[in-house]
Amino acid sequence: MTLPTLEGAKRDVATPILEVQGLTVEFGTRLGALRVVEDVSFTVAAGETVGLVGESGSGKSVSSLAVMGLISPRAGRVQADVLRFDGRDLLALDAKEQRAMRGSEMAMIFQEPMTSLNPVFTVGNQIEEAVRVHQRCSRKQARARAVEMLDRVGIADAHRRAKDYPHAFSGGMRQRAMIAMALINEPRLLIADEPTTALDVTIQAQILDLLRTLQRENGMSVVFVTHDLGVIAEIADKVVVMYAGQVVEHTGVEEIFGSPRHPYTEGLLSSMPQLARPGAPLVVIPGQVPNPDAWPVGCRFSPRCVYSEPQCDAAPVAITTVGESQTRCVRVSELTLPGSHWVALEEEAPAVPAAPVGKGSAAAPDALLDVTDLSKAFPIRSGLLRGVVGEVRAVDGVSFSIGKGETLGLVGESGSGKSTVARLVLRLVEPTAGCVMLDGAEVTALDAAGLRAVRSQMQIVFQDPYSSLDPRATIADTVGEPLEVHRGLRGGDRDAAVAELLERVGLSAELVRRYPHEFSGGQRQRIAIARALALEPSLLVLDEPVSSLDVSTQSQVINLLMELQAHFGLSYLFIAHDLSVVRHIADRIAVMYLGRIVEQGKSEEVYLRPTHPYTAALLSAIPVPSPQIGRRRERMVLEGDVPSPLDPPAGCRFHPRCAFAMDICAVRDPEPYVTETGTVVACHLHTEGPMLSGRPVTVLESKVGKQ
Amino acid sequence: MSFEMEPAIAADQITDEAFAIETGVGTIVEDPWRRVRRRFVHNKAAMAGLVIITLLLLVAVFAPLIAPYDPTATNVGPINAGPSAQHPLGTDSIGHDLLSQLVYAARASLSVAFIVVILASLAALPLGLTSGYFGRWIGGGIDWLMSALFTFPPLTLALAVAALLGPSLINSAIAVAIVFVPGIVRLIRSQVLAVREETFIEASRSIGVGSPRMIRKHVFPNTISPFIVQAALLMGYAIGAEAGLSFLGLGIQPPKVSWGSMLQNGYSTINETQWPLIPPVIAILLAILSFNLIGDGLRDALGRESFRVNE
């Protein structure tokens, strides 16, 4: 519906900076025009943040690209009843006018900071260019602006760092540089497309803080595109939930978490691991997001909806407006859906259990896997003769054990060495020192033949289901490979076994002749799990198995893993950066920082009562699915980046970033200390700390704990 | 220092495949080989190349039916004559019928092209695969050897080999094949080095798959597409190289003819008539151009999207 506009009318504060009504985007494909975004409407007021939420394929990124005018007419067709920015019709602008507007009045930041900067120019140069494209000023002035902006986005020593090339910047710093570039012309609207998805949680917390601060200072509006409802709770004022190219719900952030009106929103919320009781199966949205060429005629969510009725499938569903909220659901007036019960869940957390105090209480009884003092130093070669000039100590003296049927969660940010630990345990990488015992056999001492035999006992599932399956091999070949290699199964026997495995992981046995590219991410991860299970291993190493999956698929795979564990009595080494996922699935948690385990204990203990400042900071950085609490709580935001493992800090490796650091921390390595709840922690606060600093250790808890 | 340049897809260059990869939307499922065939068939230039090569092959196979005269027979008509009804392409200085010669020469020239590429591949594939797959010593050693071969100017190397083996059709093929080996080894090696780092290789290793099976089942199939492109392009180069060697007298020996030896004959009488040079030149150009068109078409059809290791 196009309403007549009063040209030249005075715009008051309530006039939206961005108005989108009936936005439709079609792409020409070989199979004809494919409509990937349909009838999307939302408005962004001045100074407001609108969150655009959805899984991959929901059309959220395409919608934001369309608003930016970044979809060329050759590739796709953008239509809208209204697409107005600051009162101007965006669709009526020619290419030159659009270019002038992009980067000056509206700017965009992208997900991948690693590829968004040009590696052959210095960071300062690239920001300068952004100034000079839109403003008439000298190179010197532009340089001064660039440095000033880099300083504002929190790049220390901005004057010097502006002369660095992008490769000298860490991921978080590159994203800061991208933000500096986007904001240098003081745009009125910033479109941020998953700007923190590729970053660690502690860096994500920094970036979100930064965006909030800059937004307050400039009064700019933000469209924040993300799949993470926790981030939405932190930053958005209004939320647009998208599913299969349509807006299904558009409402305020409090309403989304307090009283969602669309079953899909509710499904997304309740499948968050933070909102489930630890150990219980996660709520799952069955099935997967359909492709645009297979969208249902009626309600597009209906095939996956628990509240679906025949009337839902009859005809396309129009959006209903109730008060300030809009919902695209046939049954919107009859359904009352539960919201986020995160607060209640946190309050019912168990009290401190009486655990035996003493040595080794964190070790598992009846250990299947025993890892002692595992270390890996990668040599750094340089020069003409490729001589060794140094080493990266990726893993430095790591010890843990996993009991039969137990899950140990290994948590850490990128660069902590957790994935190297996974490969060391399996001896996919040869350790420099240390010992790995699996069920009484010393894995680290085996010869090639012995190693091959023991590999049937332990298997690994990798993070990226796209690169972990050979694109040229059929599913039967991939899943059947361990059976061929170890059991000599061939032809029909092998295929029968593969079919059984596929059904075990919830896939149809008819898929054996297909190739990996025909499957979605979640399905591929199931295939990888089937391959890992083929030899009936006792230990499964799961290296970030769900972090590249969509929210709804993620909970399906976690549930599958928990079922398989219960059924086969498997032990898991579950590696992840997401503490809330790990808390859900793991019995015990080990937290790694710069190649060392800093804290290890029962998962509820570690999660609710962290004893190491790093664990506390990690927990505090996780966005909370509750806007009221998320914004009020006091957070421990870590400064800076993880130092390079090439030259780790002396003493406690965390001390340069630690809010509780004492003199001794810079000098001496902390010894492991067993607390009364059985958590093993390597931190001076628990031994020297309270006496030297005069601050009790419980400070940690009050800093992170509930408000 | 080297920069890895992999620009994000510019938003105004979104094609349907790129779009699907970027967004995960509309990933249209199609068998990769069928997609390759569809793209190749839609490429007019590549199809033209394929048609010409097919025609040339048919001519070579059915040479006895097409050639009006015995190609070795002399004085079948007037010497140094232009085209006429009896001799559509004329005759040379000793009265060979040029059409008959051209038709039979296609046999020699085309078969040399195939023999060269097959020989070079047989030697280079195992070398490339092992040098890429096995780390520092074996890989480095093979690579060093290839670098040494590379330092010879190609024509000099081919001349030396051909001279050493003695002039004949098969020896000239061997000489050209040796010149081609280091290029293919390098190509395969670089591809293997990339594939080796893929997670699915690590996944197979974690299962206990040994090196021979790994190379056969996982590495080789993922290196094949750039190799196919290269093979098509090398066919063209091989025809040129054979022509060069034969022109210098190191290739096919009379009374047999190839396009290269026809050039030599024509060149020797260039002061009397230029006519005999024209048919073999056109044949050589046509064949090289067609193989290049096919190679380019294959490269586009096998493009990044359809055979990216990491699709």
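What percentage of the 311 residues of chain B count as buried?

## Chain B

Of the 311 residues of chain B, 42% count as buried, a residue being buried if 20 or more other C-beta atoms, placed from the backbone, lie within 10 Å of its own. Chain B holds 14 helices and zero strands, where helices (H or I, at least four residues) and strands (E, at least two) are DSSP runs numbered from the N terminus.

## About the model

This is a predicted model, in which local features need pLDDT of at least 70 and side-chain atom pairs count only at pLDDT 80 or more, while totals for chains, interfaces and linings use all residues. Residues are numbered from 1 along each chain as its sequence is written, and chains are lettered from A and ligands numbered from 1 in the order in which they are written.

## The sheet of chain A

In chain A, eight strands form an open sheet with mixed pairing, in the order S19-S20-S21-S16-S22-S23-S25-S24. Its edge strands are S19 (458-461) and S24 (672-674) of chain A, each of which pairs on one side only; two strands pair if DSSP finds at least two bridges between them.

Within this sheet, strands S20 (residues 539-543) and S21 (residues 571-576) of chain A run parallel and are joined by five bridges, and Asp543(A) has Ile575(A) in S21(A) as its bridge partner.

## A covered helix

Helix H17 (residues 521-533) of chain A reaches 18 Å from its first C-alpha to its last, close to the 18 Å expected for its 13 residues, the expected span being 1.5 Å times one less than the number of residues. H17(A) is mostly covered, with 13 of its 13 residues buried.

Conventions
A residue is buried if 20 or more other C-beta atoms lie within 10 Å of its own, exposed if 12 or fewer, and partly exposed in between; C-beta atoms are placed from the backbone.
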